[in-house]
Amino acid sequence: MLPRLDSLTLRVLDPEGQRRFYRDVIGMSDLESGRVGFSEGEMALAFAPASTPYEPSPSDLYWKIALSVPDLDLAFTQLVAKGVDVTEPRQFRDVGYLAKFTDPEGFSVELIDHHFQGDRPATALDETLLGGGAHLSLLTLRSSDITAIEPDILDWGMVPLSVQPVEPFGFTLYFYAFTDERPPNPDLNAVENRTWTYQRPYTVLEIQHVYDLEQETLPEEGAAGYAGASYVTQGADFRSDALQLATKVVS
């Protein structure tokens with residue numbers, strides 16, 4: 001059995017309010033241990049109580065999650081109808097056709113179309129589902145030094161799927177997953193690997209290597225924010241609160 005990304009835990013002021021938002025607005029379901037998610041095969045969300053409100057910073061280790069959808073324009077219309085303040089979909093360079101919003105406690109959520117703008121095939125979709133059927137596509141963390149953390153990521157058994165330089169904005173995106181699949185082009189920088197990555201049915205780890213970031217930061221003890229991510233392999237649950245950790249801790 002391949003390992004899989006299992007849970008993302010965020011500390012929030014109102015855990016039940018967050019669960020309700022992701023269930024009622026986003027379309028996730030209740031899972032075991034109080035988590036919510038689209039399916040057992042993807043990363044689920046867990047919410048723990050926090051003592052202070054969430055205050056994101058560009059230096060935070062944690063950045064966002066991304067939901068991939070077959071039809072971003074449909075997802076935009078659905079969320080607007082539910083009162084979500086979501087940005088207009090736009091093609092961001094050769095990275096993806098994107099939109100963004102924040103959840104009730106200020107955590108960033110990105111929406112990514114399975115295709116670039118104008119490339120979406122005409123297919124029938126279930127319009128009762130967000131964007132025709134969303135899945136938790138990406139867990140995005142930041143790094144000041146990709147060369148320092150990549151050996152650990154590969155040691156966990158993840159494989160690289162895509163590399164996306166965005167040099168005018170001061171960063172490069174790296175994508176890794178627990179999978180036997182390989183991208184269509186062996187050149188990880190190839191543009192064709194990008195939408196292929198967003199269409200994977202499992203959650204992918206995205207690392208934003210920020211060139212001028214001196215050090216990633218974590219929230220203070222008890223404060224709202226990133227509380228850890230986990231992956232499951234052969235029945236054991238291994239967690240790492242920071243990617244720089246060289247050892248895995250059995251929880």
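The questions and answers below go from the whole chain to one pair of strands.

This is a predicted model, in which local features need pLDDT of at least 70 and side-chain atom pairs count only at pLDDT 80 or more, while totals for chains, interfaces and linings use all residues. Residues are numbered from 1 along each chain as its sequence is written, and side-chain values use heavy atoms, with hydrogens and water left out.

Reader: What radius of gyration does the chain have?
Author: The chain holds four helices and 15 strands, where helices (H or I, at least four residues) and strands (E, at least two) are DSSP runs numbered from the N terminus. For 251 residues the globule rule gives 18 Å, the rule being 2.2 Å times the number of residues to the power 0.38, with the radius taken over C-alpha atoms. The chain comes close to that value and is therefore as compact as a globular protein of that length, with a radius of gyration of 17 Å.

Reader: Which strands are the edge strands of the open sheet of eight strands?
Author: The order of this open sheet is E6-E7-E8-E5-E9-E12-E11-E10, with mixed pairing; two strands pair if DSSP finds at least two bridges between them. An edge strand here pairs on one side only, and this holds for strand E6 (90-92) and strand E10 (159-166).

Reader: Which residue in E7 stands opposite Gln-91?
Author: Strand E7 covers residues 96-102 and runs antiparallel to E6, to which three bridges join it. Across from Gln-91, the residue in E7 is Tyr-97.
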